[in-house]
Every structure is written in structure tokens, then in C-alpha cells.
Amino acid sequence: MSAFVTGGSRGIGLALVQAMLKGKTFSRVVAAARTDSEALQAQRLVGSCSVWLLACSFNVAQVARQALHLLRQTWQALKFQHGDRLVTVKMDLTDEVSIQEAVKSTEDFCQGSLQLLVHNAGLMHPSGRGENSVTRLDMESFSKVLATNVIGPALLTKALYPRLRAAAQEEPSKVVAVGAGVASISTNQAGGWYSYRASKTALNAFMKNLSIEGGRHKVSAFTLYPQMVETALSKPYVKGNPYPELRSPEETADQMLELITSFGISDTGRFVNIWSREDIPW
Ligand SMILES: NC(=O)c1ccc[n+]([C@@H]2O[C@H](COP(=O)([O-])OP(=O)(O)OC[C@H]3O[C@@H](n4cnc5c(N)ncnc54)[C@H](OP(=O)(O)O)[C@@H]3O)[C@@H](O)[C@H]2O)c1
């Protein structure tokens, strides 16, 4: 089976790619993102080692352990461990040509069919913080959030749909979006995060629509909400986490993968909290 994961360079996406490679269900995994994961981890490595050197009063063993942990998380290291089961591709979801090129470059690897597409890549806001007032909205940032979180994923689905349909001739294929609780209009009490909320609500609308068309082709589509996960995206908001736990990307990916594999065509169109497994009101 083959899978295509967007935002596979870090956070939840990288953990999903790792979890897929650890298991046996997926023999071919495509990880896509804008940034080369080696460059990214090199930056994190330098930053994190300096912090550790200071914090550990120059405890070299601890610094080395941390460095090893980060190095194991690069695409290069995963390719070394899992050989030709992983292909990495640069793709910018805000650029239609980049989407088309990424899809084309993975044609041979996917052998014309795709069992799973995970729309994981996401952006809170170019500044890192969602707008807490309507007076903070601007065209450029709002457009970028919409392009990254909903328009790009929709166009990527379009480009990969023939492969999803081809795979569905054997057994139903799946499109999964990593959604946000704040996409729920009816439970919105706090306000704020204008562009992120709007983009994730639009993503839900897209996924629901896709589930209806996909029903005719044995392609299911559902959205999974992971609550708050410790990543770069959530970093500014960790103090206000409304849940008792702050989940790691790794445990989130394991839980998500369990749902992805157990969900069938009857779950299409759902918007689900991965921990309670309950549907979230629209
Ligand atoms: N963390 C949470 O608490 C939380 C909660 C609910 C939902 N989510 C959702 O979970 C998903 C993953 O988020 P995360 O927390 O893992 O965030 P993250 O660590 O910031 O990772 C975001 C990923 O998206 C990719 N990305 C961003 N802009 C892109 C673009 N224009 N084109 C292609 N890829 C792009 C990034 O790669 P590059 O920068 O290399 O392109 C990166 O791999 C998002 O959809 C987010 O909304 C997260």
C-alpha cells in the first residue's frame, strides 16, 4: 500500500511518516514539505545543543543523546533505515505548479495507485500567531493561510484523485485531513484565530463534499482532530491548552494511524476527535 503525507518534514507529519515506516501496512510512503528536513533538523540541532550545553553545565553525554535523537528524525536517517520505502519531495501547497510537479515526480514510486492521502500540512498564520481581532486581518496573510490549509490540499486531492480511484478498484482508498477543533462553528465560544478557523472550517466543508463524490468511487474522506500537540505550530499556545495533556507528535501519530487503518467507508464524511473517537459538531 502507498501513502502520501503532506507536512512530512516535522511535527505531526514527520511522526506519521515514521510510524508508517515502523509498521508493515505501508510499503511505500511519500513525505512532502517545502523545507528539506535535514536543513530543518540541523537548525534545531544547533539551537537545542546550545540550550542543553547551558542547561546541563556542559554535560556532553546528554548533549550527544539529544543530538542523536534529532538526527534520527531526519528524512535522510529514515531513508537510511527504511531504504526505498520512503520518497521525499519538495512541495509548496501555495503554488499549483509545485503541487503538480510533486505529484508527477512520485508517479513511478506510487505505481499509479494511492491508498492513503493525508492532508497534514498546516499554517496558523505567517506571523506564528492567529489574529485575535478582526482589525488584524490582512489580505496577504489570510490568503496564505487559506492557500496552505484548504486550497492547496484541494488541488493536491485533484491531482492525486486518479491514483486514489485506481487503488479503490481493489479496496477503498482514503483521504484524511488533520483538522482543528476550532473549525467547529457551533462550539466556538472563544473567537479569535480568524484566518486559521475559517481555513479549517473550509477544509471540513471540502472534506465533506469529497466524501459525497468519493462515495461513488470507493474513496472515503474524513477529518481527524488531535487536540493540542507539542509542535512549532502550537508552541505559542501551550500555556492555554484546554486539555489535561499536551500530546507528543509520536503518540498522536500512533493514535491517528490506528484510526486511519480501522476506519472504513462507513466512516466517510466524519469529523472526529482521535482520543475520544467522538464526532465533533460542525
Ligand atoms: N499542533 C497542534 O496542537 C495541532 C492541533 C490541531 C490540529 N493541528 C494540525 O496538524 C497539522 C500539523 O501541524 P503541526 O502541529 O505538526 O505543525 P508544524 O510542526 O508547524 O508542521 C507544519 C507542517 O506543514 C508544512 N507546511 C507549512 N506550510 C506549507 C506549505 N505552504 N506547503 C507545504 N507544506 C507546508 C511544514 O513544512 P515546511 O515548513 O517544511 O513546508 C510542516 O511540515 C496542521 O494541519 C495543524 O493545523 C495541529
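Predicted model: local features only at pLDDT ≥ 70, side-chain atom pairs only at ≥ 80, totals over all residues.
Residues are numbered from 1 along each chain as its sequence is written.

The chain holds 9 helices and 7 strands; helices (H or I, at least four residues) and strands (E, at least two) are DSSP runs, numbered from the N terminus. Of its 282 residues, 40% are buried, meaning that 20 or more other C-beta atoms, placed from the backbone, lie within 10 Å of the residue's own.

I turn to strand E1, residues 2-6, where 5 of 5 residues are buried. Ser2, Phe4 and Thr6 point one way, and Ala3 and Val5 the other. In a regular strand the side chains alternate between the two faces of the sheet. E1 runs parallel to strand E2 (residues 28-33), joined by 5 bridges; pairing requires at least two bridges found by DSSP. Thr6 has Ala32 as its bridge partner in E2. With strand E4 (residues 116-119), E1 pairs in the parallel sense over 3 bridges, and Phe4 stands opposite Leu117 there.

Next, the core. The largest nonpolar core has 57 residues, of which Val5, Leu16, Val29 and Ala31 touch the most other members. Such a core is a set of buried Ala, Val, Leu, Ile, Met, Phe, Trp, Tyr and Cys residues joined through C-beta atoms within 7 Å.

Finally, the ligand. Among the 28 residues around the ligand, Gly7, Gly11, Arg34, Thr35 and Gly122 come nearest, where a C-beta atom placed from the backbone must lie within 6 Å. Helix H1 (residues 11-22) gives the most to this shell, with 3 residues.

Technical notes. Buried ≥ 20, exposed ≤ 12 C-beta atoms within 10 Å, placed from the backbone.
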